[in-house]
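Let us walk through a protein model together, one step at a time. Keep the sequence and the 3D view side by side as you read.

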Amino acid sequence: MPVELKGSCHCGAVKFTVQSSTPVPYQLCLCSICRKVGGVGGTINLGGHANTLTIEGKENISVYKAVLNRDTPEEKTASSERNFCKKCSSMLWLYDATWPEFIHPFASAIDSPELESPKTMVCIMLNSKPGYVRLPEGEKEVYDEYGPNTLEGWHKKHHKFKA
């Protein structure tokens, strides 16, 4: 059975709930977008079922569509939308119409339940990590780009998927 995640922004202007089958925050993304919007340590996204998302304070949400390959001939706008509170700038979730059935709440926005700490942290996009950024302590897998598993695949492999 999916887990209900309850989240909010820092100032409390936005509150949300979403059902998640993939609630373990196991993967830290260190790409330039995640570091700049989420802070020096990057971001951790969970998975949620988009059709279960409920929002209080929707009028306080803004959306950022990242620019990829900035200042190069390959520059383009990402299809993903990072939703954040326009009052306090807290990142809330990522949505991409490519996968309309999913929403990806930022673990940092989740208030309850207490999220399970993974035994091994997966750190991705190290090819974008500056030297001053330290990886988390403890067991970890590191990848220059993406790891071999999807959110669902990792959760199923580790018997953490909540059907």
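Among contacts in the protein between residues at least 6 apart in sequence, what percentage join residues at least 24 apart? The answer is 57%, where contact means heavy atoms within 4.5 Å. Before going on, note that this is a predicted model, in which local features need pLDDT of at least 70 and side-chain atom pairs count only at pLDDT 80 or more, while totals for chains, interfaces and linings use all residues. Residues are numbered from 1 along each chain as its sequence is written, and side-chain values use heavy atoms, with hydrogens and water left out.

Start with the overall picture. The protein has two helices and 15 strands; these are DSSP runs numbered from the N terminus, helices being H or I with at least four residues and strands being E with at least two. Its radius of gyration is 15 Å, close to the 15 Å that the globule rule gives for 163 residues, so the protein is as compact as a globular protein of that length. That radius is taken over C-alpha atoms, and the rule is 2.2 Å times the number of residues to the power 0.38. Along the principal axes, the C-alpha atoms fill a box of roughly 40 × 35 × 30 Å. The UniProt record, an unreviewed entry, annotates residues 5–144 as "domain: CENP-V/GFA"; such annotations may be inferred rather than shown by experiment, feature names are shortened, and positions are given in the numbering used here. This span is 5% helix and 39% strand.

Now find the open sheet of five strands, which run in the order β5-β12-β11-β10-β7 with antiparallel pairing. Two strands pair if DSSP finds at least two bridges between them. Strands β5 (48–49) and β7 stand at the edges with a single partner strand each, so one side of each has no neighbour in the sheet. Strand β7 (residues 61–64) joins β10 (residues 80–85) over four bridges: Ile61 is the bridge partner of Cys85, and Val63 that of Asn83. On to the next pair: β10 and β11 (residues 91–96) share five bridges, with Glu81 partnered by Tyr95. The hairpin of these two strands has five residues between them, and there Ser89 takes a positive phi near 75°.

What about the inside? Of the residues of the protein, 39% count as buried, meaning under 20% relative accessible area, with exposed being over 50% and partly exposed in between (1.4 Å probe, protein chains only). In soluble globular proteins, nonpolar side chains tend to be buried together. The largest nonpolar core here has 16 residues, and Cys9, Val14, Phe16, Leu92 and Trp93 touch the most other members. Such a core is a set of buried Ala, Val, Leu, Ile, Met, Phe, Trp, Tyr and Cys residues joined through side-chain atoms within 4.5 Å. The elements giving two or more residues to this core are β2 (15–20) and β11. A second, separate core of 13 residues includes Val24, Ile33, Ile124 and Leu151.

Finally, look at Trp99, in the loop between β11 and β12 (102–105). Is Trp99 buried or partly exposed? Trp99 counts as partly exposed, because its relative accessibility is 48%.
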